[in-house]
Amino acid sequence: MTRQNVNPAGMAPPSGYSYAVKKSGTPVFISGQVALDGDGKLIGAGDAAAQTEQVFCNLRTVVEACGGSMADIVKITIFVTDAAYRPAVAAARQKYFADGHYPASTYLVVSGLAVPQLLVEIEAVAMID
C-alpha cells in the first residue's frame, strides 16, 4: 500500500496536518525529540524557532537511522510550553514535510518538559517498508 492521506469531505480543511494517514509497513515508535545536538548541548536557549528546527533535524536523523524518511512519519505529537510557539512549529513542520504529505498531528501546550530550558518536544510514529 502506498501512503494515503485521508482528509474527508465535510471536515474543516486541515492546515499543516492530515486527519489520518494510511500506510503499510512496520511501525516505528520514535521517542520525543528535543533541541539537543549530538554532543547533548542545548540548541536555541530561549528561542522556540531554533529549538524546533533542531527537534525536526533530530527526528529526521532518527527516522533515517531506522531506514525511513520523513515521508514515512504518519503521526506526530507536539509538546510546547507556550501556545505562542505555534507559528515557529508550523514553519518548521512545513519545511520538513515539504511534499505536503503531513502526518496526523496532535499539538499540546504543557506546563513544562523534562528540562526547564526545553520549549518544544516532538514524538512520532513512522511506518517503514
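A residue is called buried when its relative accessible area is under 20%, exposed when that area is over 50%, and partly exposed in between, using a 1.4 Å probe and protein chains only. Helices (H or I, at least four residues) and strands (E, at least two) are DSSP runs, numbered from the N terminus. This is a predicted model, in which local features need pLDDT of at least 70 and side-chain atom pairs count only at pLDDT 80 or more, while totals for chains, interfaces and linings use all residues. Residues are numbered from 1 along each chain as its sequence is written, and side-chain values use heavy atoms, with hydrogens and water left out.

Begin by selecting strand E4, residues 73-80. This strand is mostly covered, since 7 of its 8 residues are buried. Strands of a sheet pair through backbone hydrogen bonds, either parallel or antiparallel. With E5, strand E4 pairs in the parallel sense over 6 bridges, and here Phe 79 stands opposite Leu 108 of E5.

Now extend the selection to E3. Strand E3 pairs with E6 (residues 120-128) in the antiparallel sense, over 6 bridges. Pro 27 is found opposite Met 127 in E6.

With these elements displayed, the sheet can be viewed as a whole. It is open, with 4 strands in the order E3-E6-E4-E5 and mixed pairing. Which strands stand at the edges? They are E3 (26-33) and E5 (104-109); each has a single partner strand, so one side of each is left without a neighbour in the sheet. From one strand to the next, the twist averages 10 degrees.

**Second stop: the helices on the sheet**

Select helix H1, residues 48-65. H1 packs on the sheet and touches E3, E4 and E6, where contact means heavy atoms within 4.5 Å. The direction of H1 makes about 25 degrees with that of E6; axes are lines fitted to C-alpha atoms, for helices over the stretch in contact, and angles run from 0 to 180 degrees between N-to-C directions. Then select helix H2, residues 86-96. H2 also packs on the sheet, touching E4, E5 and E6, and its direction makes about 155 degrees with that of E4.

Keep both helices on display. H1 and H2 pack at an angle of about 30 degrees, with their axes 9 Å apart. On the H1 side the contact is made by Ala 48, Ala 49, Thr 52, Glu 53, Phe 56, Cys 57 and Arg 60; on the H2 side, by Ala 88, Val 89, Ala 92, Arg 93, Lys 95 and Tyr 96.

Within H1, centre the view on Thr 52. Is this residue buried or exposed? Thr 52 is buried, with a relative accessible area of 0%. Not counting residues up to four places away in sequence, Thr 52 touches Ala 88, Val 89, Ala 92 and Val 120.

Select Cys 57 and Cys 66 together. A disulfide is a covalent bond between the sulfur atoms of two cysteines. In the search, a disulfide is a pair of cysteine sulfur atoms within 2.5 Å, and the whole structure has 0 of them. The sulfur of Cys 57 is 15 Å from the closest cysteine sulfur, that of Cys 66, which is too far for a bond. Cys 57 counts as partly exposed at 24% relative accessibility, and Cys 66 counts as partly exposed at 39%.

**Last stop: the loop between E1 and E2**

Finally, move to the loop between strand E1 (4-6) and strand E2 (20-22), where Tyr 19 is located. Tyr 19 counts as partly exposed, at 29% relative accessibility. Leaving aside neighbours within four places in sequence, the contacts of Tyr 19 include Val 6, Pro 8, Met 11 and Ala 104.

Gly 16 is found in this loop between E1 and E2 too. At 14% relative accessibility, Gly 16 counts as buried. Residues up to four places away in sequence aside, Gly 16 touches Arg 93 and Tyr 102.

Definitions and conventions: Pairing = 2+ DSSP bridges.
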